[in-house]
Structures are given as C-alpha cells and as structure tokens.
Amino acid sequence: MANELILIVEDDDNSRKLLRDALQVIGYETAEAENGEIGLRLAAERRPALILMDIQMPGISGFEALRSLRSDPDTRAIPVIAVTASVMGAQQNDVLRAGFDGLESKPVSIVGLLRKMRALLDRQSAPSLPT
Ligand code: MN
C-alpha cells in the first residue's frame with residue numbers, strides 16, 4: 001500500500017534526508033532533487049505518485065516549479081504538497097491559491113505529513129465514479 005514513489009524537492013540537505021528517511025521507513029520509495037530544475041526533470045522521467053515541494057530554493061521557486069508541473073499534461077495530475085517555513089495567514093493562502101494540494105510547515109510533523117500524503121494518494125487512486 002505504501003510503496004509509491006515520492007519525489008522530494010528540497011535544497012536543504014538535512015531537511016531532504018529527514019524526509020527521505022522517514023518515508024523509506026514507512027515503505028515509500030523516494031527520489032530526491034536538490035533544486036526545482038532537477039525536480040521537474042525527475043517528475044517527468046519517473047512520474048512520482050506525489051511530490052513534496054520546498055517553496056524557497058535557489059533557482060526556480062516551488063511556485064514556479066508547480067506552474068511548470070501543472071502546464072505539462074504528463075505531470076499535471078500529480079499531487080504536490082508544499083513544504084515551507086513560516087506559513088502564516090497570507091502566505092498560507094498564497095500557497096493554496098497557487099494550486100498546491102496541501103501544505104506542511106517546517107519543522108515538519110512527520111505524522112501529520114504522512115496523513116496528508118496518504119489522503120491525497122488514496123484520493124488519486126480511487127476509481128472515478130461514473131457520471
Ligand atoms: Mn529551501
């Protein structure tokens with residue numbers, strides 16, 4: 001159930017390792033990118049089931065990376081959770097308005113993050129209802 005591929009896009013080494021280790025313990029497969037450009041390439045190549053996206057990165061930001069993902073038919077439907085420091089009020093609205101599927105603030109609560117991920121993954125794989 002939890003062997004899906006999760007792409008972690010995060011420039012901070014320690015944050016990336018923390019997420020990778022936690023996800024691997026649960027049984028997820030992981031791919032890692034240290035910037036948005038690599039993240040976009042890996043997303044297209046490997047089609048992860050879900051992406052964890054840092055917002056503040058050198059080069060393209062998480063917002064820009066999300067726009068690129070959504071503009072590509074191959075990656076458009078991949079759920080993307082923003083992982084970011086200081087998400088108070090206005091910025092939280094910015095993140096959700098930008099089209100992220102979820103938001104996790106740093107320091108990351110692993111249990112909370114796993115719950116959000118699972119909900120999105122299950123929604124994604126649920127059979128669509130006949131119309
Ligand atoms: Mn960062």
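# Briefing: parallel sheet and manganese site

Strands β4 and β5 pair in the parallel sense through four bridges; two strands pair if DSSP finds at least two bridges between them. Helices (H or I, at least four residues) and strands (E, at least two) are DSSP runs, numbered from the N terminus. The model is predicted: local features need pLDDT of at least 70, side-chain atom pairs count only at pLDDT 80 or more, and totals for chains, interfaces and linings use all residues. Residues are numbered from 1 along each chain as its sequence is written, and side-chain values use heavy atoms, with hydrogens and water left out.

**Sheet architecture**

- Five strands form an open sheet in the order β2-β1-β3-β4-β5, with parallel pairing.
- The edges of this sheet are β2 (29-33) and β5, each of which pairs on one side only.
- From one strand to the next, the twist averages 20°; axes are lines fitted to C-alpha atoms, for helices over the stretch in contact, and angles run from 0 to 180 degrees between N-to-C directions.

**Strand β1 and its neighbours**

- Strand β1 comprises residues 5-9 and is joined to β2 by five bridges, the two strands running parallel.
- Leucine 5 has glutamate 29 as its bridge partner in β2.
- On the other pairing, β1 and β3 are parallel and share four bridges, and leucine 50 in β3 is the bridge partner of isoleucine 6.
- Five of the five residues of β1 are buried, so the strand is largely enclosed by the rest of the structure; buried means under 20% relative accessible area, exposed over 50%, and partly exposed in between (1.4 Å probe, protein chains only).
- Both faces of β1 are covered, with Leu5, Leu7 and Val9 buried on one side and Ile6 and Ile8 buried on the other.
- A further bridge partner in β2 is alanine 31, which pairs with leucine 7.
- The chain crosses from β1 through α1 to β2 in a right-handed β-α-β crossover; right-handed means that, with the strands pointing away from the viewer, the path from the first strand over the helix to the second runs clockwise.

**Helices packed on the sheet**

- Helix α1 (residues 13-26) lies across β1, β2 and β3 (50-54) and runs at about 170° to β2.
- Helix α2 (residues 36-46) also lies across β1, β2 and β3, running at about 165° to β1.
- Leucine 40 is placed in helix α2 and counts as partly exposed, at 22% relative accessibility.
- Excluding residues up to four places away in sequence, leucine 40 touches Ile60, Ala65, Ser68 and Leu69 (contact means heavy atoms within 4.5 Å).
- The C-alpha atoms of leucine 40 and alanine 65 are 6.8 Å apart, although these residues are separated by 25 residues in sequence.

**Strand β4**

- Strand β4 (residues 80-84) has five of its five residues buried, so it is largely enclosed by the rest of the structure.
- Val80, Ala82 and Thr84 on one side of β4, and Ile81 and Val83 on the other, are all buried, so that both faces are covered.
- Strands β3 and β4 pair in the parallel sense over four bridges, and isoleucine 51 stands opposite valine 80 in β4.
- Between β3 and β4 the chain passes through helix α3 (residues 62-71), and this β-α-β crossover is right-handed.

- Glutamate 104 counts as buried because its relative accessibility is 5%.
- Its side chain makes a polar contact of 2.6 Å with the side chain of lysine 116; a polar contact is a pair of N or O atoms within 3.5 Å, where, within protein, one must be able to donate a hydrogen and the other to accept it, and residues adjacent in sequence count only if both atoms are side-chain atoms.
- Beyond residues up to four places away in sequence, glutamate 104 touches Ile81, Ala82, Val83, Thr84, Ser109, Gly112, Leu113 and Lys116.

**Manganese site**

- The manganese ion has Asp11 (OD), Asp54 (OD) and Gln56 (O) as its protein donors, at 2.1 to 2.2 Å.
- Donors are N, O and S atoms within 2.8 Å of the metal (3.2 Å for Na, K and Ca); water is not among the atoms, so sites may look incomplete.
- Along the chain, the donors follow the spacing D-x42-D-x1-Q.
- Aspartate 54 is buried, with a relative accessible area of 3%, whereas glutamine 56 is exposed, at 62%.
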